[in-house]
Amino acid sequence: EVQLKKHPIFRRKGADLYMARKITLYEALAGFQFQIKHLDGRPVVISTPPNKIVGNNEMMTVEELGMPFFGRNYKYGNLFIHFEVVFPASLSKRQIKTVREVLGTEKQKDKGTKKVYEPKVFEGSEKDLLAKLRKRSEDLEEEESEQNGQRVECVTQ
(Lines give C-alpha, C1' and ligand atoms only; values in the text may rest on other atoms or scores of the structure.)
Protein backbone atom coordinates (compact mmCIF):
# COMPACT_ATOMS: atom_id res chain seq x y z
CA GLU A 1 0.00 0.00 0.00
CA VAL A 2 1.26 3.46 -0.92
CA GLN A 3 1.27 6.08 1.83
CA LEU A 4 1.08 9.74 0.80
CA LYS A 5 3.04 12.20 2.93
CA LYS A 6 1.43 15.53 3.78
CA HIS A 7 3.03 18.30 1.80
CA PRO A 8 3.39 21.83 3.25
CA ILE A 9 2.03 23.48 0.06
CA PHE A 10 0.07 20.98 -2.03
CA ARG A 11 -2.92 18.73 -1.43
CA ARG A 12 -3.62 16.02 -3.97
CA LYS A 13 -6.99 14.78 -5.25
CA GLY A 14 -6.42 12.21 -7.96
CA ALA A 15 -4.18 13.84 -10.54
CA ASP A 16 -5.14 17.38 -9.45
CA LEU A 17 -3.12 19.47 -6.99
CA TYR A 18 -4.60 22.12 -4.69
CA MET A 19 -2.82 24.92 -2.90
CA ALA A 20 -3.73 28.08 -0.99
CA ARG A 21 -1.98 31.40 -1.44
CA LYS A 22 -2.37 34.66 0.50
CA ILE A 23 -2.00 37.81 -1.58
CA THR A 24 -2.14 41.48 -0.64
CA LEU A 25 -4.97 43.78 -1.69
CA TYR A 26 -2.51 45.50 -4.02
CA GLU A 27 -1.61 42.17 -5.66
CA ALA A 28 -5.32 41.29 -5.98
CA LEU A 29 -5.97 44.56 -7.83
CA ALA A 30 -2.73 45.12 -9.75
CA GLY A 31 -1.47 41.60 -10.36
CA PHE A 32 1.23 39.38 -8.94
CA GLN A 33 3.89 36.91 -9.81
CA PHE A 34 5.32 34.24 -7.51
CA GLN A 35 7.41 31.12 -7.81
CA ILE A 36 6.73 27.72 -6.30
CA LYS A 37 8.70 24.50 -6.30
CA HIS A 38 6.59 21.82 -7.97
CA LEU A 39 6.47 18.31 -6.51
CA ASP A 40 8.85 17.13 -9.23
CA GLY A 41 11.41 19.74 -8.08
CA ARG A 42 11.16 22.20 -10.95
CA PRO A 43 10.51 25.90 -10.29
CA VAL A 44 7.14 27.13 -11.57
CA VAL A 45 6.20 30.80 -11.96
CA ILE A 46 2.55 31.73 -11.43
CA SER A 47 1.38 35.12 -12.72
CA THR A 48 -2.01 36.79 -13.04
CA PRO A 49 -3.37 37.33 -16.53
CA PRO A 50 -3.22 40.98 -17.69
CA ASN A 51 -5.91 43.21 -16.11
CA LYS A 52 -7.26 40.35 -13.98
CA ILE A 53 -8.53 41.32 -10.53
CA VAL A 54 -8.45 38.38 -8.13
CA GLY A 55 -11.31 38.23 -5.64
CA ASN A 56 -11.08 37.05 -2.04
CA ASN A 57 -11.58 33.26 -1.83
CA GLU A 58 -11.33 32.99 -5.61
CA MET A 59 -10.18 29.68 -7.07
CA MET A 60 -8.06 29.70 -10.23
CA THR A 61 -6.57 26.81 -12.16
CA VAL A 62 -3.45 26.17 -14.21
CA GLU A 63 -4.17 23.36 -16.65
CA GLU A 64 -1.87 20.34 -16.76
CA LEU A 65 0.28 21.49 -13.84
CA GLY A 66 -0.97 18.71 -11.58
CA MET A 67 0.27 15.13 -11.31
CA PRO A 68 0.39 12.60 -14.16
CA PHE A 69 -2.70 10.42 -14.55
CA PHE A 70 -2.17 6.83 -13.47
CA GLY A 71 -0.95 4.80 -16.44
CA ARG A 72 -0.78 7.87 -18.72
CA ASN A 73 2.42 9.77 -18.00
CA TYR A 74 1.78 12.16 -20.91
CA LYS A 75 -1.53 13.45 -19.45
CA TYR A 76 -1.56 15.66 -16.33
CA GLY A 77 -4.15 16.93 -13.89
CA ASN A 78 -4.59 20.59 -13.04
CA LEU A 79 -3.25 22.85 -10.30
CA PHE A 80 -5.99 24.66 -8.41
CA ILE A 81 -5.02 27.74 -6.41
CA HIS A 82 -7.30 29.19 -3.73
CA PHE A 83 -6.52 32.88 -3.15
CA GLU A 84 -7.09 34.69 0.11
CA VAL A 85 -6.80 38.46 -0.13
CA VAL A 86 -5.19 39.96 2.96
CA PHE A 87 -6.72 43.37 3.58
CA PRO A 88 -4.90 46.11 5.49
CA ALA A 89 -5.99 46.49 9.12
CA SER A 90 -6.61 50.22 8.61
CA LEU A 91 -6.00 53.12 6.23
CA SER A 92 -4.99 56.69 6.94
CA LYS A 93 -7.25 59.54 5.78
CA ARG A 94 -4.74 60.27 3.02
CA GLN A 95 -4.79 56.65 1.84
CA ILE A 96 -8.60 56.62 1.86
CA LYS A 97 -8.65 59.81 -0.22
CA THR A 98 -6.16 58.31 -2.70
CA VAL A 99 -8.15 55.07 -3.00
CA ARG A 100 -11.34 57.07 -3.58
CA GLU A 101 -9.65 59.15 -6.29
CA VAL A 102 -8.06 56.15 -8.01
CA LEU A 103 -11.19 53.99 -7.95
CA GLY A 104 -13.52 56.86 -8.81
CA THR A 105 -15.90 56.36 -5.90
CA GLU A 106 -17.61 59.08 -3.93
CA LYS A 107 -18.09 59.26 -0.20
CA GLN A 108 -21.60 58.11 0.67
CA LYS A 109 -23.85 60.92 1.82
CA ASP A 110 -26.10 60.81 4.86
CA LYS A 111 -29.67 60.72 3.54
CA GLY A 112 -31.26 62.47 6.51
CA THR A 113 -31.28 59.56 8.90
CA LYS A 114 -31.18 60.47 12.55
CA LYS A 115 -28.86 57.75 13.78
CA VAL A 116 -25.85 56.11 12.21
CA TYR A 117 -25.01 52.56 13.30
CA GLU A 118 -21.50 51.16 13.26
CA PRO A 119 -21.15 47.38 13.11
CA LYS A 120 -18.57 45.65 15.29
CA VAL A 121 -16.48 42.67 14.30
CA PHE A 122 -17.95 39.52 15.79
CA GLU A 123 -15.22 37.71 17.71
CA GLY A 124 -15.92 34.01 17.56
CA SER A 125 -16.95 31.22 15.26
CA GLU A 126 -20.18 30.71 13.35
CA LYS A 127 -21.03 28.08 15.99
CA ASP A 128 -20.66 30.76 18.72
CA LEU A 129 -22.91 33.11 16.78
CA LEU A 130 -25.62 30.45 16.34
CA ALA A 131 -25.47 29.61 20.06
CA LYS A 132 -25.82 33.32 20.93
CA LEU A 133 -28.82 33.71 18.59
CA ARG A 134 -30.46 30.55 19.99
CA LYS A 135 -30.01 31.84 23.58
CA ARG A 136 -31.46 35.22 22.62
CA SER A 137 -34.47 33.55 21.01
CA GLU A 138 -35.04 31.38 24.12
CA ASP A 139 -34.80 34.46 26.36
CA LEU A 140 -37.40 36.28 24.24
CA GLU A 141 -39.76 33.28 24.34
CA GLU A 142 -39.37 33.03 28.13
CA GLU A 143 -40.04 36.76 28.51
CA GLU A 144 -43.15 36.43 26.35
CA SER A 145 -44.52 33.52 28.39
CA GLU A 146 -43.88 35.41 31.67
CA GLN A 147 -46.34 38.08 30.58
CA ASN A 148 -49.16 35.72 31.64
CA GLY A 149 -50.34 35.04 28.16
CA GLN A 150 -50.98 38.72 27.48
CA ARG A 151 -50.06 39.62 23.97
CA VAL A 152 -47.98 42.77 23.57
CA GLU A 153 -48.12 44.54 20.22
CA CYS A 154 -46.08 47.43 18.93
CA VAL A 155 -47.97 50.60 18.15
CA THR A 156 -46.81 52.80 15.30
CA GLN A 157 -47.07 56.51 15.81
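1. Helices and strands here are DSSP runs, counted from the N terminus; a helix needs at least four residues and a strand at least two. On that basis the chain reads β-β-α-β-β-β-β-β-β-α-α along the sequence. That is three helices and eight strands. The model is predicted.

2. The protein chain has 157 residues, and 17% of them count as buried. It exposes about 14,300 Å². Carbon and sulfur atoms supply 52% of that area. Among contacts with a separation of 6 or more, 47% join residues 24 or more positions apart.

3. Aromatic pairs. How many does a search of the whole structure find? The search finds three. One of them joins Tyr18 and Phe80. Their ring centres are 4.9 Å apart and the planes make an angle of 15 degrees, so the pair falls under the 30 degrees cut-off and is stacked. Tyr18 sits in strand S2 (residues 16-24) and Phe80 in strand S8 (residues 79-86).

4. Tyr18 in more detail. Is Tyr18 buried or exposed? Its relative accessibility is 18%, so Tyr18 counts as buried. The cut-off is under 20%. Lys13 lies over the face of the Tyr18 ring, 5.5 Å from the ring centre. Tyr18 thus has a ring partner in Phe80 and a charge over its face from Lys13.

5. The phenylalanine cluster. Phe32, Phe34 and Phe83 make up one aromatic cluster. Within it, the rings of Phe32 and Phe34 have centres 5.6 Å apart. Their planes are at 25 degrees, so this pair is stacked. Phe32 and Phe34 are both buried. Phe34 also has a charge over its face: Arg21, at 3.8 Å from the ring centre.

6. His38. Where is His38 found? It is in the loop between strand S3 (33-37) and strand S4 (43-47). Its relative accessible area is 6%, so His38 is buried. Neighbours within four places in sequence aside, His38 is in contact with Phe10, Leu17, Val44, Leu65 and Gly66.

7. Pro68. This residue lies in strand S6 (residues 68-69). Pro68 is partly exposed, because its relative accessible area is 28%. Pro68 and Gly14 are 54 residues apart in sequence, yet their C-alpha atoms are 9.2 Å apart in space. Beyond its neighbours within four places in sequence, Pro68 is in contact with Arg12, Ala15, Asn73, Lys75 and Tyr76.

8. Lys75 and Glu64. The structure holds five salt bridges. One of them joins Lys75 and Glu64, with the closest N and O atoms 3.9 Å apart. The cut-off is within 4 Å. Lys75 lies in strand S7 (residues 72-76), and Glu64 in the loop between strand S5 (58-62) and S6. The bridge therefore ties together parts that are eleven residues apart in sequence. Both ends are partly exposed: Lys75 has a relative accessibility of 33%, and Glu64 has a relative accessible area of 42%. Lys75 is also one of the contacts of Pro68.

9. Salt bridges within helices. Lys97 and Glu101 meet through their side chains at 3.6 Å, N to O. They are four residues apart in helix H2, so about one helical turn separates them. Lys97 is partly exposed at 49% relative accessibility, whereas Glu101 is exposed at 55%. Lys135 and Asp139 form another salt bridge, at 3.0 Å, N to O. These residues are four apart in helix H3 (residues 126-145), which means a separation of about one helical turn. Lys135 is partly exposed, with a relative accessible area of 46%. Asp139 is partly exposed too, with a relative accessible area of 36%.

10. A nonpolar surface patch. Which residues make the patch of about 440 Å²? They are Leu91, Ile96, Val99, Val102 and Leu103. Leu91 is in the loop between S8 and helix H2 (93-103). Its relative accessibility is 41%, so Leu91 counts as partly exposed.

Key: Residues are numbered from 1 along each chain as its sequence is written. This is a predicted model: local features need pLDDT of at least 70, side-chain atom pairs count only at pLDDT 80 or more; totals for chains, interfaces and linings use all residues. Side-chain values use heavy atoms; hydrogens and water are left out. Rings of Phe, Tyr and Trp (its six-membered ring) pair if their centres lie within 6.5 Å; planes under 30 degrees apart count as stacked, over 60 as edge-to-face and the rest as tilted. Buried means under 20% relative accessible area, exposed over 50%, partly exposed in between (1.4 Å probe, protein chains only). A charge sits over a ring if NZ of Lys or CZ of Arg is within 6 Å of the ring centre and within 35 degrees of the ring normal. Contact means heavy atoms within 4.5 Å. Accessible areas come from the Shrake-Rupley method with a 1.4 Å probe; for residues, only the protein chains shown count as cover. Patches are made of residues with over 30% relative accessible area and no salt bridge: like charges are joined within 9 Å, nonpolar side chains (Val, Leu, Ile, Met, Phe, Trp, Tyr) within 5 Å.
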